Amino acid sequence: MSWITALRRRPVAGYAVVLLGLVTVGMGYGALAGPGSPASAAIPGTVSPQTIAQGKELFQTSCSSCHGVDAQGTAQAPSLIGVGAAAVDFQVSTGRMPGKDVGPEMDRKPVTFTPQQIHALAAYVASLGGGPAIPSAAEVTPTGANTALGQSLFITDCAQCHNFDGAGGALTYGKFAPALTASTNTQIFEAMLTGPEAMPVFSNTTITPAQKRDIIDYITRLRAEPNPGGFSLGRIGPVTEGIVGFIGGIGVLVFLAMWITMKRRES
Amino acid sequence: MSESQPSHGLAPEEDGGRSRAPHRVIGTPPPAQARTLLGEAPGSAEPEAPRELPAGPDNPAKASTAEKVIAACFLLSMLASIGFIAAYVGLEVHSVDATLRSNLALGLSMSVAFLAMGVGATIWVRSIMPNVEQVEERHPLAASHEEREAFAKTFKEGAEASGFVKRPLLRRTLIAASVPLAVAPLVVLRDMGPLPGTSLRHTVWRRGMRMVVYGPNTPLRAADFSIPGQMITVAPEGFTENQDVLAKAVTIIIKFAPGQLVPNTPSKPGTIMNWTVDDIVAYSKICTHVGCPVALYEQTTHHILCPCHQSTFDATNGAQVLFGPAPRPLPQLPIGVDSNGFLIATSDFHEPVGPAFWELG
């Protein structure tokens, strides 16, 4: 083990260890905060009694343990009577439902059901008592949308939680507003319509479907914006930029200053 | 007053048999004889020791390698500088994308140019320049005794000759002329602007003024805002483009389920129910801490959060402060509906909105 001892006693060994630690922490964070999984979209279509029956069967095997046999709700989970097909489609097509472990916030995860099964589940829950329907593809396609109005609405009523860039942000007690980077147009529309979890409801009478399409247009255009300098840094603004500035910038300067003043090894 | 003082161990062959002065660590006080910066006892000057520098580097082979590395650094710096000029001349800046690319190229080439030059200079110092510490004592700052006496004599003579002491009329009128000149800038400060008057206490909200959804600027019926958990930012109709007005008047409205709002009682503050319509309540969107827009509303907990400093208000309870630096609740706006069912304000806010100010008490 003498070669380790020899390495340890080199004057640069201390700096190397610090650098290695910083790199490890950074890589570990990067691995943990990796990009989310892609989502599948639901297929709206006609509703037949067979579809509702299939949905009921799926519900009873996969959802009823928490939401109750008749979706009446239990101590663990809310009633689903009247939440509507849009809420079901949003929760299931983003993978949030069926929930695996109950935490402060259900996060997006790989989807359990096929689009056809999600449609059947949504049809069953809608048959229990109204609620907003799944928007059609035409309703959520922002062709010819007013991006400026979308920006105005997004900045006023969405950006506080979801960040000015749709990158999401923290709420209280472990809850958080998710990033909007992986959401489909339908999912954004449904989230506004139904107000999942802590999110307020933005019904079609308050923000019209056309205005919702403006917001969707703004969000999708934001994703295509280039990153100045080539690094997005999570697009969450001054926090990551400050950390990179301090640890990256000042850290490099500290190492350079150490190198300049380091005692020369005697030959 | 300078002497060569080779440090310990680094160049022992330079020591030349003289007494080894203790090596001084940077930051510790200098030895006593170096502290007499103001004046010195005559005749205390020590004889100057000759400065000695080694003729060449310790290891010529290493120095030759270092020379090549340094030259490579300087050439890299030169190329980067030329690249900077080329990027400045060659890259377009007439679109956002092009400007981003131009900034990246300019920043990168300039930092490489400076960094390579600095690295080269540092290697030069570390590998080629002689490694001996030269110590030079500070010279005393004070002038000699003779010079000080001569100055005092000249000053006194000048004061006598000018008549400043002998002629009190001149002296006093000069002082009388100086005082108003010093006061003049203070008078000018008066025109920094009118005092805010009562404008901090009022907004444009008036009885009967409609609330419009900010952005599309459309009025809102109470019946269209009927799902518990709804929240939206509203502005006073007719002032949606006036940022000065909006900075104070912007308001959020929140719809609750019946029974969720906690009514105000004399013993316990809460929501003033006369100022709500169908369990719709309106609060100022301007945080009472430092005026950030508070619209982080959690419909599950009914908390309104400020994104700037995490002040948390309870929306069911008259926006009482639950947490954070905000000193008082968000002011509640009295609202009602007009004959067409549109949401209106029924008066201005009854207390100042936004951060505290000097006269608020």
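Colleague: In which sense do strand β3 and strand β5 of chain B pair, and over how many bridges?
Modeller: This is a predicted model. Strand β3 of chain B covers residues 211–213, and strand β5 of chain B covers residues 231–236. One bridge joins Val212(B) to Ala235(B) in β5(B). The sense is antiparallel, over 3 bridges.

Colleague: Which are the edge strands of the open sheet in chain B?
Modeller: The sheet has 6 strands with antiparallel pairing. Their order is β4-β3-β5-β6-β7-β12 in chain B. An edge strand pairs on one side only. That picks out β4 (218–219) and β12 (332–333) of chain B.

Colleague: Which element gives the most to the side of chain A that touches chain B?
Modeller: The contact takes 27 residues from chain A and 33 residues from chain B. On the chain A side, α8 (147–157) and α9 (159–162) of chain A give two or more residues. By class, that side has 11 nonpolar, 12 polar and 4 charged residues. With 5 residues, the element that gives the most is α8(A).

Colleague: Which residues is Val294(B) in contact with, leaving aside its neighbours within four places in sequence?
Modeller: Beyond its sequence neighbours, its contacts are Lys285(B), Cys287(B), Ile304(B), Leu305(B), Cys306(B), Phe313(B) and Leu330(B).

Conventions
Residues numbered from 1 in each chain as written. Chains lettered and ligands numbered in written order. Predicted model: local features only at pLDDT ≥ 70, side-chain atom pairs only at ≥ 80, totals over all residues. Pairing = 2+ DSSP bridges. Helix = DSSP H or I, 4+ residues; strand = E, 2+ residues; numbered from the N terminus. Contact = placed C-beta atoms within 7 Å. Nonpolar A, V, L, I, M, F, W, Y, C, P; charged D, E, K, R; others polar.
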